Amino acid sequence: MKQNNKILAGLALIVLALIWSYNWVVTKSVLRYVGALDFTALRCALGTLLLVALLPLLGRPLQPPPWRPVLWISLFQTVGMTVLSQLALVSGDVGKTAVLVYTMPFWMILLTILFLHEKPTVPQYLAAMVAAFGLVLVVQPWQWHGSLSSSLLATASGLSWAASAVIAKRAFRHQTVDLLSLVTWQMLLGTLMLSILAIATHHTPIVWSSYMLLALAYNAVLATALGWTLWLFILRTLPAGIAGISTLMIPVMSVLWAWWLLNERPNHAEGGGIALILLALALLGMPGPRNRK
């Protein structure tokens, strides 16, 4: 059963990578029609409604999980990670913003060492170092063309996401938590906070174009409701460090989507960085030394 779950988690990672990598293009393009916070609140609200409707249909409990992990995950994941990444896209390029947000795995390794006392294997250490160098080549801080605020927001988004992942991992370790129920309730609480932020800062009218509606549907159904459910399933099934670094395929794919659809062509350094990130992912498949008793 455990082996089957790991296979399912691997397939979930592939599906999640396709959904979330393309969504960077969607969320950048939709800013022509709606403000960043307005769109974030709308996508989360629709995603939450979908999840609330699914709970009774799938026979899942409507009773909320323990409130502490729900509160902290909603703050760091639904509010922190989502808002900061969307604001970073206002002035930042899709590919580089995505890569900066996905510094998450490196923050996650540090946080799991500090708070979950997990010991990364030698291949994981090596993969982290190779991927870190690859990320530097992709970002190229020595000739950054975007705004400083965008890069800081994107990096803070990655840190916030890592914190939420560690909190979720800790919740799964110490208590039995229904996955879909946790996703739904943290989304509901986060959406309430996002709605307050959006109303307080709203100043640009929303243009209800066909692209705006399609982008909203894509975000609500795939990127939000399905995406976060897949992510928490992956976190529950795989070690936190492996789950985190494996998501580095998403910014790589985002760079390629942006190259193809938005004409954000990666240069030689960025291409080398993408290759190094792929190498880091391959290193994750190497078995580490067994612990001696």
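1. Buried means under 20% relative accessible area, exposed means over 50%, and partly exposed lies in between, with a 1.4 Å probe and protein chains only. By that rule Trp 257 is partly exposed, at a relative accessible area of 22%. Tyr 22 is also partly exposed, at 27%.

2. On the basis of the note: this is a predicted model, in which local features need pLDDT of at least 70 and side-chain atom pairs count only at pLDDT 80 or more, while totals for chains, interfaces and linings use all residues. Residues are numbered from 1 along each chain as its sequence is written, and side-chain values use heavy atoms, with hydrogens and water left out.

3. Aromatic pairs. Rings of Phe, Tyr and Trp (its six-membered ring) pair if their centres lie within 6.5 Å; planes under 30 degrees apart are stacked, over 60 edge-to-face, and the rest tilted. The count comes to eight aromatic pairs. Tyr 22 and Trp 257 form an edge-to-face pair, 5.0 Å centre to centre with 70 degrees between the planes. The pair links distant parts of the chain: Tyr 22 sits in helix H1 (residues 2-29) and Trp 257 in helix H11 (residues 249-261), 235 residues apart. Helices here are DSSP runs (H or I, at least four residues), numbered from the N terminus; strands (E) need at least two.

4. A tilted pair. The ring centres of Tyr 33 and Tyr 211 are 6.1 Å apart and their planes stand at 35 degrees, so the pair is tilted. Tyr 33 lies in the loop between H1 and helix H2 (36-57), and Tyr 211 in helix H9 (residues 210-237), so the pair ties together parts 178 residues apart in sequence. Tyr 211 is partly exposed, with a relative accessible area of 26%. Elsewhere, ring pairs link Trp 20, Tyr 102, Trp 161 and Trp 231 into a cluster.

5. H4 on H6. Axes are lines fitted to C-alpha atoms, for helices over the stretch in contact, and angles run from 0 to 180 degrees between N-to-C directions. Helix H4 (residues 94-101) packs with helix H6 (residues 122-139) at about 150 degrees, the axes 10 Å apart. That makes H4 roughly antiparallel to H6. Angles under 35 degrees count as roughly parallel, over 145 as roughly antiparallel, 65 to 115 as roughly perpendicular, and the rest as oblique. Lys 96, Val 99 and Leu 100 of H4 make the contact with Leu 135, Val 138 and Val 139 of H6. Contact means heavy atoms within 4.5 Å. These residues divide into five nonpolar, no polar and one charged. Nonpolar covers Ala, Val, Leu, Ile, Met, Phe, Trp, Tyr, Cys and Pro; charged covers Asp, Glu, Lys and Arg; the others, Gly among them, are polar.

6. H5 on H6. Helix H5 (residues 104-116) and H6 pack at about 145 degrees, with axes 10 Å apart. Phe 106, Ile 109 and Ile 113 of H5 meet Tyr 125, Ala 128, Ala 131, Ala 132 and Leu 135 of H6. The contact residues are eight nonpolar, no polar and no charged.

7. H8 on H9. Helix H8 (residues 179-201) packs with H9 at about 130 degrees, the axes 10 Å apart. That makes H8 oblique to H9. The contact residues include Met 187 of H8 and Trp 228 of H9. They divide into eight nonpolar, two polar and one charged.

8. Glu 264. This residue is found in the loop between H11 and helix H12 (268-283). Glu 264 is partly exposed, at 23%. Leaving out residues up to four places away in sequence, Glu 264 touches Asp 93, Val 94, Gly 95, Val 255, Ala 258 and Trp 259.
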